[in-house]
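This report covers the voids of one model and part of its strand pairing. The sequence and structure are shown first.

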Amino acid sequence: MNRELRLALCGAFALASIALAASCGSSARLGGGISGTSSIVGAIAGFGSIVVNGIALDVDGASITIEGDPATEADLRLGMVATVRGTLDADGRTGVADVVAVEDLIEGPIEAIDRTRRTLRVLAQTVLLDPAVNGTVLEPTAFADLVIGDDVEVSGFLDADGRIRATRVQHKQADVEIEIKGVVAELDRAAQIFALGALTVDYAGALLEGLPPGGLADGLFVEVEAEEPPVGDVLIAVGIELPASEVDAGDGLDVAGFVTAVLSADEFVLNATQRVRLTSDTRFEGGTRADVVPNAALEVEGRADAGGVLVASEVELTR
């Protein structure tokens, strides 16, 4: 994977369930609340340009990457989670993309399948194919035909319970990698292990890149790569990276996903990475401030402050 080309914008790994018809928002936009230099985070819901969070973006001149590797518009697929940085028109519904960065959340072999609950277990994580958001794109293999041992690449978002709400599940038969993105917990520096959900990551021999001065810490959102699948839910990491954030103060932000933590009456975390602040001027559609609770699916528009916090002008609760 070409690390130099990795363009992971703030909230790119966001962790929420997106309606593919409008990428966790309705086709009737909240009112085009952002314009100018902006970043949009959501699942690809259409083409003819690309449509993310109901915004049609011209990608003809854009730099496109998938998992940090160079790609073209022809490589993009429905349900892929993209962070698009560019310039939005005044109506907030159209724009021109400069950068399209596509990232998945997990890649590896299926360890278990629950046909009734429509879940997969991959790298000790629960992957939910969520019918409440118009289903999950599965290519080229239908859910009924997936079997234990199949390698899959899953795009989607973490929810407050640590599950992956899948927007796309691709059955891979070549170029398979073992990788997972998630939030570090239960860090044991002496043993050089930490947890990603039910998975234990052994990082004793891993190359660490882009970490803050203090190194690994609980609460960091990281990408972990390995050469082999886990054994007994223990993954031997060969590389761990902290994705970079590239959001400037004043930039417009449009992020769709799940509330993964509520910090106060006025602040919450979306997709485990994007901090959001509500103000007295924040407008709500489909609910009220009281409905912003863990696992609420919503779309937020606003502007980034100097610390990268999304100061919300509009919030749409989608269920």
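## Second largest pocket

In this predicted model, β5 gives the most to the lining of the second largest pocket, with three residues. Both β5 (69–71) and β13 (164–172) supply at least two residues each to that lining. The space in the second largest pocket is about 260 Å³. Its lining has 14 residues, and those closest to the pocket centre are Ile66, Glu67, Asp69, Glu153 and Lys172.

By class, the lining of the second largest pocket divides into eight charged, five nonpolar and one polar residue.

## Cavity

The model has one cavity of 30 Å³ or more. About 40 Å³ of space lies in the largest cavity. Its lining consists of Ile66, Glu67, Met80, Val102, Glu103, Asp104, Glu153 and Ser155. Four of these residues are charged, three are nonpolar and one is polar.

Ile66, Glu67 and Glu153 line the largest cavity, and these residues are also among the closest to the centre of the second largest pocket.

## Strand pairing around β20

Strand β20 (residues 234–241) pairs with strand β17 (residues 199–202) in the parallel sense, over three bridges. Within β20, Ile236 stands opposite Asp202.

Strand β18 (residues 207–209) also pairs with β20 in the parallel sense, over three bridges. Strand β19 (residues 221–226) runs antiparallel to β20, and four bridges join the two. Gly239 in β20 is the bridge partner of Leu207 and also stands opposite Glu225.

Definitions and conventions
Residues numbered from 1 in each chain as written. Predicted model: local features only at pLDDT ≥ 70, side-chain atom pairs only at ≥ 80, totals over all residues. Heavy atoms only, no water. 1 Å grid on protein atoms, 1.4 Å probe; cavity = no way out; pocket = protein on both sides within 12 Å on 5 of 7 lines; lining within 4 Å. Points joined across faces, edges and corners; volume = space filled by probe spheres on them. Nonpolar A, V, L, I, M, F, W, Y, C, P; charged D, E, K, R; others polar. Pairing = 2+ DSSP bridges.
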